[in-house]
Amino acid sequence: MHKVTNMKELCAYVEAKKSKRAHEHSEILKVYGKCTGFTNKEYKQIKHSQKSSFPKQHKAAYNKIWR
């Protein structure tokens with residue numbers, strides 16, 4: 001990285017970095033296409049854990065055993 005010594009250089013550096021990042025992003029979009037969500041079929045295939053329903057009051061992590 002080039003060492004920035006004043007505000008003008010900093011503004012120019014940030015602007016160049018933004019345009020470089022935007023260009024890289026547009027190149028990625030050309031290759032892979034736009035991001036989309038899951039279809040219903042894809043979503044139903046995903047396995048996920050649900051909220052635990054067991055009581056936590058007797059677990060060591062939730063009481064004063066470790067304090």
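Modeller: K30 is exposed, with a relative accessible area of 64%. Exposed means over 50% relative accessible area, buried means under 20%, and partly exposed lies in between (1.4 Å probe, protein chains only). This is a predicted model, in which local features need pLDDT of at least 70 and side-chain atom pairs count only at pLDDT 80 or more, while totals for chains, interfaces and linings use all residues. Residues are numbered from 1 along each chain as its sequence is written, and side-chain values use heavy atoms, with hydrogens and water left out.

K30 is paired with E27 in a salt bridge, where the closest N and O atoms are 3.2 Å apart. The term salt bridge stands for a side-chain nitrogen of Lys or Arg within 4 Å of a carboxyl oxygen of Asp or Glu. E27 is partly exposed, at 34% relative accessibility. Helices here are DSSP runs (H or I, at least four residues), strands are runs of E with at least two, and both are numbered from the N terminus. An α-helix has 3.6 residues a turn, so residues three or four places apart point the same way.

The structure holds two salt bridges. The other joins K20 to E24, with 3.4 Å between the closest N and O atoms. Both of these residues also lie in α1, four residues apart, or about one turn. K20 is exposed at 55% relative accessible area, whereas E24 is partly exposed at 41%.

Now the helix itself. α1 has 26 residues, which at 1.5 Å a residue should span 38 Å, and its end C-alpha atoms are 37 Å apart, in agreement. The expected span is 1.5 Å times one less than the number of residues. At the N-terminal end, N6 caps α1, with a side-chain oxygen 3.4 Å from the backbone nitrogen of K8. Such a polar contact is a pair of N or O atoms within 3.5 Å; within protein, one must be able to donate a hydrogen and the other to accept it, and residues adjacent in sequence count only if both atoms are side-chain atoms. After α1 comes G33, with a positive phi near 85 degrees.

L10 is in α1, which covers residues 7–32, and is partly exposed at 36% relative accessibility. V4 sits in the segment before α1 and is partly exposed at 26%. Apart from neighbours within four places in sequence, V4 is in contact with E9, L10 and Y13; contact means heavy atoms within 4.5 Å.

Finally, the whole chain: it has two helices and zero strands. Of its 67 residues, 0% are buried.
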